[in-house]
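Dear colleague,

I am handing over the structure below, and after it I describe what was found in it. Please keep it open while you read.

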Amino acid sequence: MGRRRWNKKHPEKAAEQRQQQLRQDAGDPPVRLLALQPNSTTVAVAIGTRLAVVDYKTGCEYTLSAPPQAGQPQCQPHAGCLRVLLFSPDGRCLLTGGDDKSARLWLAEAETARTSEAEAPAAGADVSAGSATANWCCANAWLTPKKMSAGGFTRDGSYAMFADKFGDVLIGRVALPAPGTEQQPEPQQLQLQTPGSLLGHFCTIVTGVAASPCGRYLATSDKDFKVRVSVLPSEPLQGSYEIQCYCLGHQDFVSCVAFAAPAVRSADGQQQQQPQGGAVLLSGSGDGTVRMWDHVTGRQLASYVASAPAAAAGGGAEGGGSGGAEEEPSGAGEEGEEEGDGEEEGAEEGPAGAGQGDADGVEPQRRSKAPPCASVLSLAVSADGSTVAVVVEGEDEVQLLSLDWEKRALTLQQRLRWPDVRYPCQVAFGPTGHLWVVGGVPLPTARSVHVGVAQRGPTGHFTPCTDEVLSTRVRSLLEARVEEEEAKMAEGGELFLYSKHLRKPVYDESEALTRKRMRNDHKETQRLAALRLRQDEKAK
Amino acid sequence: MSPKREREDGGNGEKPQHKKKEEVAHPRKRFYRARAHSNPLNDASFDVPTRPEDFDWTDHFPEFLQEWRERQQQQQPEAAAAPASGDAADGSSTAAPASTSAPSSSSSPSEQPLVRFVDIGCGFGGLLVKLSTIYPDTLMLGMEIRDKVSEYVRERIAALRREQPGSYRNASVMRTNAMKYLPNYFHKGQLTKMFFLFPDPHFKAANHRRRIINTHLLTEYAHLLAPGGWLYTISDVPELGEWMRSKLESHPLFERVSEEELAADPAAGLLALSSEEGQKVARNGGATFRNVYRRLAAPRQLQQQQQQEQEKQE
């Protein structure tokens, strides 16, 4: 009997199975995103489908209105969870993209604020409090075949690149109207373009896309522990066909990449001697390390351990807060410590498996060689290349590392904690030198987002200064605090929710059996076995 | 069934005596049969080295590397290359020509010999075995994703190494997903030949991304192949042959090898008939479509090619 006919015949069972399917394919949890406009004081914060863009100095709030598609009015710029939020390097546009399989480019014109104020002071523009609202229109839109997972711009801002969960990095040309032209009324239907294909990792989630400062290379990181540096050709729409090198060394998925370039200071007309090699590539990973690479040769220059692996092999759960990815079956810890020395002789088969201990059964549970630990979620490099901010999943403190260009080393400079920001998720350095952070409770249904700002003092030490930078009104626009979520988290939420989808899922015995029970062929096998049993008994 | 029973009973002495089951030295293929398709997109748990430098090839080529190390030690105290026939543990006849020609092989005296030929999806190992005798100084590796089949090839090579000491030391097999993990095993520009014999056609359009020759993977293969290295493909499915040709043709780092060069190349002649799959195709009287391309040192201009094709059509 076919699936459709069976569903009609057994509606309750079908509904139950559909419920189970939905629970399993719930999709990734919403992330909190942060982007700062490079040449002005605008900040964009997003959680799920909610996006707030505010100029924190003037208090002007920008709304992103998408022209209605196919006659449907849209109140949110995106229908699905946002995964990518990024300003172009020249600050002219904002790239957003997410689970609704579309990437949009919004024209970030600061002048529109003034024009709208001048033209229509009565149209909701409250000039008295120094606040206004302005509209950013969508300049380009692309239809991506899969959900987006990462995005980037080329150094000159002429191309936008987006990557998806299947390993493809697509590229689209940024076509903005020239600055200063009169903003024309937007056509009703913005045509969704098809992006070109730039390069591809094979069937793996691409987690980061970064263009090198010299503009010749593109670094992409993926879930399969690799960081790849490709050569960006002069015609990127034709595709990137040459790989410069692979930066291999991480023991677990790579979650973020960023380039760091030393500041070129010209003191007294003399240009500061640039350290040998110029820019370096930084990457953060699920094995808890932040590594520095020479992107031209692929050599690892330095490694900083941001989070140590969980104590004691075969160790059990830590406090009630940890759950999910950290509570691996005890056998996995032992395996993790074994060095992979090319033992590929059917590792699932008997002889090798017995050597590794019988606790884990037949198949090795984790492919990564590192013992499970909190992963590095995000990193950001300051404009002068001297400081790197690192966010570790599950911790409230952001680690600030100083990058020593002479010795090519990363050392811990400070651990910074904001009093009102919990579970930071992403950091960014602003054009004014401030350090911004967004965070919030990592629940699958979370709607809250906390924002924090810190500034660097004369000694190089960072101190939180959120209240001085953000007025109450601006803060209320950006943030969303939901009290129940904090309570829910305290009860026992999953600490490592964000990185769960980047690790290979681990099923314990009962879950594996349940999954197997959903398969049809097993039922058939059982039916035939029962039938044969009956036939044998009848024959006796 | 009955003729076989008679043979096993050792019936009339006319038929030759078959060996007892335990004494058959070669692996019997029927115990290693597996279904033809294994999903390469599976996120399986292969034990993969983090970097090519971290991988120890001694398990795969023990005698070859042992000989090489002994040659290194001999060469260091003495300036001239010793005959090394005294070091060769077994089979001096085959070892001597190998050792005298080895110092002139591609690897420089101080570098450890590296794998140069790779057979992606080597199946039951037919091509590897033939290539191993034609190129005795080159290390070659077969990669197969199916567990049983790679076990079969391993047993086959072990049996051949025992039967003919000194030969087949340069071939080995590995069970891994070549579409994902090639950069973990090989350095940039390490390989000189890559073979893709009768790859899975994946007819459905939704599965085209699993085809082993597609634009993104060609970029990876170009990264691993040394400039001037050759990439061999052959298929019996016309649509797949056309697909592979068009993908290779539209990649700026690959250039088609002319038929004259192919005729002179020993490996190209083996493509159609050496592997078990190829023999099956020949038995069924199918046609094969061979596409061999060379990796260029610098990208070629694609627009000119497209213009030429358009002109040809007009």
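N177(B) is buried, since its relative accessible area is 3% (buried means under 20% relative accessible area, exposed over 50% and partly exposed in between, with a 1.4 Å probe and protein chains only). This is a predicted model, in which local features need pLDDT of at least 70 and side-chain atom pairs count only at pLDDT 80 or more, while totals for chains, interfaces and linings use all residues. Residues are numbered from 1 along each chain as its sequence is written, chains are lettered from A and ligands numbered from 1 in the order in which they are written, and side-chain values use heavy atoms, with hydrogens and water left out.

N177(B) is found in the loop between β3 (171-175) and α6 (178-185) of chain B, where helices (H or I, at least four residues) and strands (E, at least two) are DSSP runs numbered from the N terminus. Its side chain reaches the backbone nitrogen of M179(B) at 3.1 Å, a polar contact being a pair of N or O atoms within 3.5 Å; within protein, one must be able to donate a hydrogen and the other to accept it, and residues adjacent in sequence count only if both atoms are side-chain atoms.

L197(B), in strand β4 (residues 191-197) of chain B, is also buried, with a relative accessible area of 8%. Leaving aside residues up to four places away in sequence, L197(B) touches L127(B), I234(B), L271(B), S274(B) and S275(B) (contact means heavy atoms within 4.5 Å).

With the same exclusion, L231(B) touches residues including M194(B), F196(B), Y221(B) and Y293(B).

Best wishes
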